[in-house]
Amino acid sequence: MNQNRSVADARYKKLRALIGQDSPGGGGATSPLTRFRFIDGGTAETLFNGAIGEPYKTIGQFCAAFAGSASVADANALVVGELTPAIGGYAENPAFPGYRSIELRCQSFAQLSQAIDSSISGNATWANVAGGATHVPTLATLLLHNVGITGSLTVTDDGHVPGALYLSGDEIGVFGTLGSLDAHTTTALGGVSVQNYAILGACNLGHAATSATLLAFYGAAFNGAVTALSVGAIGAQFGAACAAINVHSTATFYGCLFAAGTGIVLTTDTAGSFISFDGPSYLSFVEAGGTVAGGGIVVVVGGYKGAAVEVAALPTAPAAPVLVSINGTGASAGFTGGGNHYQSTGLTGNATVQVLNGGGEHVGDTVRITKTDLAAHTLTVENNAGTTIAVIPSADRGFVELQRVGATAYAGITNDWALAGCGSLVS
Amino acid sequence: MNQNRSVADARYKKLRALIGMEGPGGGGGGGSPLSRFRFIDGGTAGTLFNGAISEPYKTVGQFCAAFANAASVADASALVVGEITPSLAGYAENPAFPAYRLIELRANAEPIFQIPAGGATLDGNATWPNAAGAHAATLAILSLHNISISGSLTCTDDAGAPPSELLLSGDEATPASVGSLDAHTTAHLSTVTLWNFAVSGACNLGSTASSANLVADLSLFQAAVTANSIVATGCTFAGNALTVRAGSTSTFEGCTFVGTPTLTGGAGSIVQMDWASYYSFCAAGGALAGGAAFQIIPYAGFLSVPSHVAAGTNVVASAGQAAYPGQAATGNNLIFDLTGAQPSYATNPAPVAGERFRCKSGGVGQTSLVLTPEGGKTIEDPSNPGTQSAVAVHFAAGNGGSIEYQYDGVSAWYLVATV
């Protein structure tokens, strides 16, 4: 029987060759395109070469076909596996090849939390390490596009080839999803980019100096703890189970949402690192009960007018001007954590607050100084040059807002803080 | 000989049909291509090059040549698509996209420009000479989707060219990119639209009345940008120069400026920015030139760059915009420092509902401020709240404070706050 099958296969192949259907790289029904292969978990074909007529049946077959590379050029050039829907999805634990750039994608949505259609039901790994038949590319990348994984994705490396991981989706309404991501042992994974893609569990890239940076763009969602060298997030969401973000150095959040009531703690390993928010992100962070630990400096785009970063109360009887700055640089003891809203209550003597150019501010940033009560002493506000900008009178209460101006003179002031507004609070 | 060939062809076709390779309509799976959707594989060893998945084109040029001349207006007006697949060495060529028709070159792969070579990227310079087409589509479009071009993309057209558009987009995690974009000589290219796309060098669409408008979302411009007008959302501008046509209106929302941009517009041009874009523009040291005027949308209040009005100067309306010394023309929403001055402020002549402006005094030495609305509009007098008049006077001599007005969308400026 096997002999008969072999003879039949040989005849079939010969017949196809005669009509030009089995030339290498033909890309037709049975000959695959050179670097774009199809995967169909429901195929009844048996050749499994990635042609549309002979698709791979598993992702593992696709990965195995590109486990090694023929040359450096081969290792550098992208290969794509096109995953098509299959009943039951793909119940396997694929190991994506290292030392090359490989993309697994599908042209349908990645069903949320269900191992059907084009999702992977299992755990995936990407070991970006040298193998028996590998060549060293300039950059090794793994890209998952519209592909969901119910379990974990674990990334490891041997530290020799810079790596990048992309998780993305372009379908409407339903994210590609990943159970969890663990790359905390890597030392050459430069960045992980997440766009329109959700990580349901922990996203642990490590927080050492050699760990990877997390770049989260529109539609990215994290519902577990996030750990990374640094975080840059635009339009991302941090869900109800994301109670901690731990970074080695900096973090930036623009247009981000933090789920209410999480009490999220954002910890930096490096004291003095900037934690930069735009106003809406910081308001969302604060409303979620968010706090910063580890000595990170919160800076809000636009300063006070972006969102108030409150600071400890000013001393009631300072012997000398209290020095403050947006990033805390040059500030008096107790105010080196930075901030943009300073409040004075219960003055027992006249006081002066001097707003410095600490280096963390931009032109247009604002700072507010408020005297909250009717204490019978004055509160004087000075700019970086020591010029008196305003005096909140004794037995009165009010606020003064300063705006950082640039090289264009404003009321004779350049590159310093100038009066932007002031007001008296109702007694 | 021809008869023999005919017989051979018939046998070949029959043989293919027997093994299911020649289904009705070609099917596109075997040797017959889909009618308007073709495959391109730079690594193919096939030799027919007809765009079927089994016989893909080897180059983008072959794809373009196959559709160089439309057979009819209907043909020119119907889209044709080239699906480019990753290739070991990428695509080292200089394709010229066909004129007067709708054509898309796309990839279902990451346009990874970081990788030196390979993938679904074009290593060369591309052109779209939109001229001398056989038949003219109602609207000619060139669309590049997930396609990166290492060099330039140059678009030109002739007098007979139909209205045209250029679409540059990507839907993968990293944006596709072109080295530079030059369409400054075109007269029929109405719009260039970018979505999740990067232009590494100059983006020059020209800045005349016949130049193209630039509409960009989530895109990156790393050098100078020139266009009839710019409508940008969520974009990053890293160059030092943006130039738009005189009299045009450009809009920036959620944009970031990381160069030191000078935005040049001719007289009467208006630059609208939301506060985030304007903040970024100012923080980057941005400046207006050539008579362009700012409108900050919505009201940006104190985040606007403060402007000092020189002592004894009257602020007057000019050429449709309020103007004052030191800044050739300006719109609304600025903070006017009035220390030592006795100015009058003429409100923006074309306000929209909810628009605000604020003036503040410097305190000691301050003289009175006269606020004069444009013709046909009234302004609430803070010294007589609730009363609209032609002139409002605020700040007694020697007093400081600030005053803020909001436009009702019809004809009146209402007092919002005064301190």
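Domain bounds here come from an automatic or database domain assignment. On that basis chain A splits into domain 1, residues 24-229, and domain 2, residues 322-424. The centres of these two domains of chain A, taken over C-alpha atoms, are separated by 52 Å. Please keep in mind that this is a predicted model.

I will start with the parallel sheet. In chain A, 11 strands make an open sheet, with parallel pairing, in the order β1-β2-β4-β6-β8-β10-β13-β16-β19-β22-β24. Which strands stand at the edges? They are β1, residues 36-40, and β24, residues 297-300, of chain A; each has a single partner strand, so one side of each has no neighbour in the sheet. On average, neighbouring strands of this sheet are turned by 10° against each other, ignoring direction.

For one pair from that sheet, take β6, residues 140-145, and β8, residues 163-168, of chain A: they pair in the parallel sense over six bridges. Within this pair, A:Ala140 stands opposite A:Gly163 of β8(A).

Now the helix on that sheet. Helix α4 of chain A, residues 279-287, lies across β19 (251-254), β22 (274-277) and β24 of chain A, and runs at about 105° to β22(A). Buried in α4(A) are A:Gly279, A:Ser281, A:Tyr282, A:Ser284 and A:Phe285. What do these buried residues pack against? Their partners are β19, β20 (257-258), β22 and β24 of chain A. Just past α4(A), A:Gly289 has a positive phi of about 85°.

Chain B has its own α4, residues 275-283, and nine of its nine residues are buried. Among them are B:Trp275, B:Tyr278, B:Tyr279 and B:Phe281. After α4(B) comes B:Gly285, with a positive phi near 80°.

Next, the mixed sheet. Four strands of chain A form an open sheet in the order β26-β28-β31-β32, with mixed pairing. Here the edge strands are β26 (341-344) and β32 (417-424) of chain A, each with a single partner strand, so one side of each is left without a neighbour in the sheet. Neighbouring strands in this sheet are turned by 15° on average, direction ignored.

Inside that sheet, β28 (residues 366-371) and β31 (residues 398-404) of chain A pair in the antiparallel sense over six bridges. A:Thr366 has A:Gln403 as its bridge partner in β31(A).

There is also a hairpin in chain A. Strands β29 (residues 379-382) and β30 (residues 388-392) of chain A run antiparallel and are joined by four bridges. A:Glu382 is bridged to A:Thr388 in β30(A). Five residues lie between the strands of this hairpin, and A:Gly386 takes a positive phi near 90° there.

Last, the core. The largest nonpolar core has 197 residues, and the members that touch the most others are A:Leu214, A:Val324, A:Val353, A:Leu402, B:Leu214 and B:Val225. Which element gives the largest share of this core? That is α4(B), with seven residues. In soluble globular proteins, nonpolar side chains tend to be buried together.

Let me finish on A:Leu402. Neighbours within four places in sequence aside, A:Leu402 is in contact with residues including A:Val355, A:Thr366, A:Val367, A:Asn383 and A:Ile389. A:Leu402 is also in contact with A:Trp417, A:Ala418, A:Leu419 and A:Ala420. One of these contacts, A:Thr366, is the residue bridged to A:Gln403 in β31(A).

Notes. Residues numbered from 1 in each chain as written. Chains lettered and ligands numbered in written order. Predicted model: local features only at pLDDT ≥ 70, side-chain atom pairs only at ≥ 80, totals over all residues. Pairing = 2+ DSSP bridges. Helix = DSSP H or I, 4+ residues; strand = E, 2+ residues; numbered from the N terminus. Axes fitted to C-alpha atoms, helices over the stretch in contact; angles between N-to-C directions. Contact = placed C-beta atoms within 7 Å. Buried ≥ 20, exposed ≤ 12 C-beta atoms within 10 Å, placed from the backbone. Core = buried A, V, L, I, M, F, W, Y, C linked by C-beta atoms within 7 Å.
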